Amino acid sequence: SDALVRLWLDELNRSGVLVGVVASLWHAMASGWRAEQSPIAGEIEAVALRDGDRLVWCWSRAGRLLTGGWMAIPRARNEEEPDEAPSADARAAVARLSLDWLAWAAQIGDTPQRIVLVGSDVGDLVARLEESWPDARVEQVDNEDAIGATLSRVEARLSADRAGGE
């Protein structure tokens, strides 16, 4: 399944462009948003990025991807203001996300102890996650470009790893 990517990378290499790392967005999330301090051994960390009307999520242990997925954030009309455009429905979004997560928890045998939610306008989602996952530490990272912030964190970690290894 990665043959086309491998051919493209080989061609870039022949052209003098060195590609250091290739990863999926889920792998980047797991690596980039892992806890700064060493997490508790075996602790599962969940990361969710709000990218417009989409929520991309992953679970990891010590920065290693366990599972991931994405979902559209449902929209709901304000019954009191019917002329307003529908807005994100945080309650429905977290209910759906929790259903996905509970299915994975049944397979993995554990749930996240730390949840990081990255994006803009995520306060309602954070509040709902805190209600739905009361035993987890929920962290909010306000950023207009959740994917860009993730890639910046991965780049910073790779640079730090290279600097530490020299």
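Which helices each supply at least two residues of the lining of the largest pocket? They are α2 (25-32) and α5 (146-165). Helices here are DSSP runs of H or I with at least four residues, strands are E runs of at least two, and both are numbered from the N terminus. The structure is a predicted model, in which local features need pLDDT of at least 70 and side-chain atom pairs count only at pLDDT 80 or more, while totals for chains, interfaces and linings use all residues. Residues are numbered from 1 along each chain as its sequence is written, and side-chain values use heavy atoms, with hydrogens and water left out.

A pocket was defined on a 1 Å grid over the protein atoms alone, with a 1.4 Å probe, as an open set of points with protein on both sides within 12 Å along at least five of seven lines; lining residues have an atom within 4 Å of a point. Volume is the space filled by probe spheres set on the points, which are joined across faces, edges and corners. The largest pocket holds about 300 Å³ of space. Its lining has 13 residues. V21, A23, V154, E155 and L158 lie nearest the centre. Helix α5 gives the largest share of the lining, five residues. By type, the lining comprises seven nonpolar residues, four polar and two charged. In this scheme Ala, Val, Leu, Ile, Met, Phe, Trp, Tyr, Cys and Pro are nonpolar, Asp, Glu, Lys and Arg are charged, and the others, Gly among them, are polar.

Salt bridges were examined next. Each is a side-chain nitrogen of Lys or Arg within 4 Å of a carboxyl oxygen of Asp or Glu. The count comes to 11. One of them joins R6 and D10 at 3.0 Å, N to O. These two residues are four apart in helix α1 (residues 3-14), so about one helical turn separates them. Accessibility was classed by relative accessible area (buried under 20%, exposed over 50%, partly exposed in between; 1.4 Å probe, protein chains only). R6 is partly exposed at 45%, and D10 is partly exposed at 27%.

D121 and R50 meet at 4.0 Å, N to O. D121 sits in the loop between β6 (114-119) and α4 (123-132), and R50 in strand β1 (residues 44-51), 71 residues apart. D121 is exposed at 65%, whereas R50 is buried at 13%. R75 and D53 form a salt bridge at 3.0 Å, N to O. R75 lies in strand β4 (residues 75-76) and D53 in the loop between β1 and β2 (54-61), 22 residues apart. Finally, salt bridges with shared partners join E45, R114 and E139 into one network.
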